[in-house]
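Subject: Structure handover

Dear colleague,

Here is the structure for your files, with notes on what was found in it. Please read the notes with the structure open beside them.

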Amino acid sequence: MTALAVLIPNSTLPLLTLVSLIGATASGYLAPAKRTVLWLGCVALIAAVIVWAGPGELNNNGLQWLAAAIVLIIVTAAVIYYIRKLEERAFEFSWQAEISAEAAELGVFRWDCDSDDLHANQKLRQLLQLPPGAKVYGEDVFSKVHEDDIDHLREELDIACDGERNFRAEFRVKIDGDRYRWIAGRGRAIVDPRSGALSLAGVNYDITEMKERESLVSKLIDGIGALFSITTPEGRILELNDFGEALSGVARDEWMNAQFWELGMWGRSKETRNAVRDLVKRTAAEGQVTGEAPFWKSDGEKGWALLTVTPIESDFGEPLHLCLCAVDISKRKTAEESNALLVQELNHRIKNLFSVTNALISLSARYATTVEDFAEATRQRLFALHAAHNVGAVDLKKRNADLREILETTLRPWRTDPQRIFIDGASLTLDAGAATAWALIVHELVSNAAKYGALKEAGGKLTIDWRDGEDALVFEWREESHQFSSGEASDDKGFGQTIVDRLVDGFLGGEIERTLTGQGVFVKITIEKHAEE
């Protein structure tokens, strides 16, 4: 064709170029696949020979155009051949992808982020209940999606189109009535190199059976009383068992697609929510993690949970889901806290007993005149200390004792028939330290009354009462005796008074008043409430 163009009289550049391009195009598509360049060279050589031996005149200008046409033929044909090979490879890849998707029952899609056009294969149309063959849009898909999953799906699409991460979503598609199918979507954003249009390409597949197995596992775990949840790698809840709903106090429409750490059970403490969130995030780097966290039950009661987070990965090591299991360990934590408090209380009481015993021995030694007096006084007061300890330590869990019980226990050896000791006062709860102090105070007072006061003679009378007011506790001790002498005193009496004064003033933070008459003794102990606290 080029040779004919050159031999035609008055041929011009446009005609020569047009004929050359037509020849190159035909050559590129008709030439054997592996000998295209060689064949084109032969064609160009034959064309040159025809021109050289032809009857027309060939000047220098025509020769230049002939050479240019030959080069143009070779280059154009080579480019067309390369394009044809690319088309063949693209067709082969497309055919392989289509066969693979069909064999794997994958729905393939390409969604234009701007125009909302959706290109879907036949399998995807079946999964999403879309009409076969008709043009469809993204909104057609949203019309099929369960209303509780629409916001989540839109959010994931927006994130993928912005290029923040690949598209990952799980959502439900309504089939008929209350039945729905679970669909998983995976894809990534791509940019058309020619138009610059942004689209999202990927696949969808049916995960209904997997969800049913997860539901079965949830029901099994319900029986052992544990929270079980399946979430995305980012912590968004996909499944929560019935026990988890009851424990967290939220219904399905509230927890579906919410972040796990946003459940109401963690919601009363920002610190707790952050701790649970950090625990979930750590699985990306550490694998399975375990931790303890406080939570609040639906009735407002605080509890403790042992939370285990396990990543579920694909065969390629890609995190697909997180499995979260929380076991209520409130009873165990309560027992641990109680044991710690009991040990602490026991240590505290032992220290107090050693301190009080040391003070008793020191004071006994100071006032005793003989070894026998020292031993007897120490023995009696240690017995009183023992009784006080028994009263205040009947139940270490309670960590308290009753004032009336202390009086009745301490005064029991001096109570006779007919009755001459009268106790008039309501029950008053004391902590362990105050109970021990009051037991020693009562012991010293009754010991003094037995030696020098109302309990020394058969006709004596002892009356004890107390008033627990808003501002102060007032304790009154009255002894009545016809033979009582206010001038009677001894070392033992001074020792007892010293102990009582130190306990009232130094330990209880109160004041004591004594009144002696010819008929008896009156002791008043006042303890201000702020001092008692």
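Predicted model: local features only at pLDDT ≥ 70, side-chain atom pairs only at ≥ 80, totals over all residues.

Helix 7 itself runs over residues 150-161. Its 12 residues reach 17 Å from the first C-alpha to the last, close to the 16 Å expected at 1.5 Å a residue. The buried residues in helix 7 are Ile 150, His 152, Leu 153, Glu 156, Leu 157, Ile 159, Ala 160 and Cys 161. Just after helix 7 comes Gly 163, which takes a positive phi of about 80°.

An open sheet has its 5 strands in the order 13-15-16-18-17, and the pairing is mixed. Strand 13 (421-424) and strand 17 (511-516) are at the edges; each has a single partner strand, so one side of each is left without a neighbour in the sheet. On average, neighbouring strands of this sheet are turned by 10° against each other, direction ignored.

Strand 13 pairs with strand 15 (residues 461-468) in the parallel sense, over 4 bridges. Within this pairing, Ile 423 has Ile 464 in strand 15 as its bridge partner.

Two helices that pack on the sheet are worth a look. Helix 15 (residues 403-411) touches strand 13, strand 15 and strand 16 (472-480), and its direction makes about 170° with that of strand 13. Helix 16 (residues 432-452) touches strand 16 and strand 18 (520-528), with its direction at about 20° to that of strand 16.

**Aromatic rings and charges**

The structure holds 4 aromatic pairs. In one of them, the ring centres of Tyr 180 and Trp 182 are 6.5 Å apart and the planes stand at 75°; planes over 60 degrees apart count as edge-to-face, so this pair is edge-to-face. Tyr 180 is partly exposed, at 31% relative accessibility, whereas Trp 182 is buried, with a relative accessible area of 4%.

Another pair is Phe 260 and Trp 266, whose ring centres are 6.1 Å apart and whose planes are at 55°, so the pair is tilted. Both Phe 260 and Trp 266 are buried.

Regards

Note on methods. Residues numbered from 1 in each chain as written. Heavy atoms only, no water. Pairing = 2+ DSSP bridges. Axes fitted to C-alpha atoms, helices over the stretch in contact; angles between N-to-C directions. Contact = heavy atoms within 4.5 Å. Expected span 1.5 Å × (residues − 1). Buried < 20%, exposed > 50% of the residue type's maximum accessible area, 1.4 Å probe, protein only. Phe/Tyr/Trp six-rings, centres within 6.5 Å; stacked < 30°, edge-to-face > 60°.
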